[in-house]
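Dear colleague,

I am passing on a structure that I would like you to look over. My notes on it come after the structure itself.

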Amino acid sequence: MLPGLMQSAPLQISSILRHAALAFPTREIVSRLVDEPVFRYDYRGLARRAAKVANLMAALGVEAGDRVTSLAWNTHRHMELFYGVPGMGAVLHTANPRLSDDQIIYTINHAESRVLLFDRSFAGLVARIRPHLTSLRHVIQLSPPELCDGLDSYETLLAAQEDAFDWPVFSENAGSFLCYTSGTTGDPKGVLYSHRSVVLHALAGGLSSAFGISAFDVIMPCSSLYHATAWGLPFTAVMNGAKLVLPCDRMDAVSLQQLIQGEGVTFSGGVPTIWTMYLDHLNRTGEGAGALKRVVIGGSAVPRAMAESFQTTYGVSVLQIWGMTETSPLGVVATPTPALAALGEDEVNEVIWTRQGRLQFGIELKIVDETGAPLPHDGESSGALLVRGPWTLERYYRAERTALDADGWFDTGDIATIDPLGFMRITDRKKDVIKSGGEWISSIDIENVAAACPGVKVAAVVGVFHPKWEERPVLIVEPHDGTELTETEVLDFLAPHIVKWWMPDRLIFAPVPLTATGKIDKKRLRDLYGTVLG
Ligand code: ADP
């Protein structure tokens with residue numbers, strides 16, 4: 001092979017920040033905070049304070065490769081850690097505060113973290129877990145001193161640091177972020193992103209096939225920064241010079257609407273539950289969605305009714321995305337193609353509103369049957385979904401063995417179909433699939449229909465033991481607050497839309513529990529209702 005003769009500058013996260021500070025120094029960043037007024041600065045300000053973070057880490061004795069944990073919401077201070085910590089060569093472990101105390105302790109100890117930086121709302125949590133954290137040397141509260149009750153204040157510590165840092169050049173394969181999966185089965189598992197994977201993923205996220213980000217966008221990430229880096233938006237937005245709006249922990253509809261209207265948000269993203277509440281708010285108040293043009297939704301299946309209502313009533317396009325912590329998380333995004341457009345508007349809407357997304361460069365997909373044989377991309381054959389590519393994990397943190405098969409494919413645990421135009425549809429998670437009389441029933445498909453029934457806030461379907469059919473679907477419905485719903489109303493709504501043998505055997509009105517990553521907690525539902533048909 002003849003070696004190429006181009007520069008081989010490593011892909012480093014610090015280069016994104018250096019670029020933004022030079023190219024878009026005055027582009028604004030707006031941040032809500034815990035018990036403090038809204039804060040505003042710009043990319044130049046972010047670069048200066050990220051440099052102070054890097055200096056602070058060095059002053060605390062943090063070395064390249066050391067782990068630093070954040071327990072923090074979507075704020076400008078968390079953004080400063082996102083750049084300052086990996087920029088100086090350490091690894092930011094973004095702990096998920098919605099895990100149980102035991103799991104949070106487990107992840108911080110497993111990461112062997114040296115420093116913990118936390119938002120004021122987690123002071124009680126930190127006091128509880130602190131005695132069990134074995135590797136910690138420093139604990140810092142992300143607040144000004146007057147809000148710190150005597151604990152070390154981030155603002156005080158930053159004030160003492162220089163606002164310039166000579167970002168070191170090192171291997172692009174060095175670790176940058178450590179994100180743990182939610183551990184609904186077994187202990188949480190650590191996924192260690194590299195600088196290279198984060199930068200490539202951020203480049204891909206901005207493409208028109210994916211989020212289509214421009215410098216004119218005003219981006220408000222409503223997926224948590226601690227959950228798989230909020231789909232890489234903290235990098236894609238900065239790389240492209242978009243204005244950034246950070247909602248802290250205030251994901252209720254009224255708070256989001258204030259930012260969407262007040263700050264001119266054009267692009268946002270989050271799990272479906274946030275947008276269910278937001279749409280309900282718009283429907284009740286008659287308000288519009290301001291300048292909002294695109295909302296990326298994923299983490300769980302997007303109900304068709306949600307995508308349709310956003311588009312037809314509010315002129316907002318929904319980009320469904322599928323991905324997982326192990327894929328950084330961008331896998332597929334639902335955007336049209338010329339081949340799809342040629343089939344007409346109805347077909348475009350049908351596909352865009354019901355598919356998880358289409359093949360993106362940088363992440364290969366394959367579906368296989370039980371023997372591992374590849375299945376055709378005919379939109380009908382469903383099988384285990386395998387992925388491969390430069391931002392897919394190779395092995396879990398501190399695992400001895402690779403997580404891949406011999407050909408380098410990672411089994412996602414999802415069941416999917418892929419159609420001839422390259423659109424992928426998740427039919428279920430392997431462990432949630434319902435097996436009835438030897439046939440499969442897709443819980444996601446039934447949930448999707450039920451979610452469109454007026455008055456339904458969340459619909460969940462689980463397979464429950466049945467003496468004759470092995471398993472049968474049970475539907476759990478949580479109505480919108482103050483809504484009276486009857487069983488007949490819901491079942492009559494379902495009947496024309498799903499085949500008869502998929503009709504749930506039982507309908508239960510009850511709150512639907514969610515996991516630490518905002519997904520329907522099916523394990524808990526099976527524990528609660530597993531015997532109702534027995
Ligand atoms: P967790 O830690 O809860 O597993 P992840 O975000 O890594 O959190 O979860 C990834 C899983 O979420 C995927 O394997 C898939 O089952 C589900 N998921 C993500 N996006 C979608 C989507 N758009 N539709 C259906 N399921 C999705």
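The notes below concern the domains and one interface between them.

This is a predicted model, in which local features need pLDDT of at least 70 and side-chain atom pairs count only at pLDDT 80 or more, while totals for chains, interfaces and linings use all residues. Residues are numbered from 1 along each chain as its sequence is written, and side-chain values use heavy atoms, with hydrogens and water left out.

The protein chain is divided into domain 1 (13-194 + 215-246), domain 2 (251-430) and domain 3 (434-529), with bounds that come from an automatic or database domain assignment. The C-alpha centres of domain 2 and domain 3 lie 21 Å apart, and their contact (heavy atoms within 4.5 Å) takes 18 residues from domain 2 and 16 residues from domain 3.

Between them, domain 2 and domain 3 bury about 1,300 Å², of which 56% is on carbon and sulfur atoms; buried area here is the accessible area (1.4 Å probe) that two parts lose on being put together, summed over both. On the side of domain 2, Thr273, Thr276 and Asp428 lose the most area to domain 3, together 26% of what that side buries.

The count between domain 2 and domain 3 is one salt bridge, a term that requires a side-chain nitrogen of Lys or Arg within 4 Å of a carboxyl oxygen of Asp or Glu. The side chains of Arg425 and Asp445 meet in a salt bridge, at 2.9 Å from N to O.

Best regards
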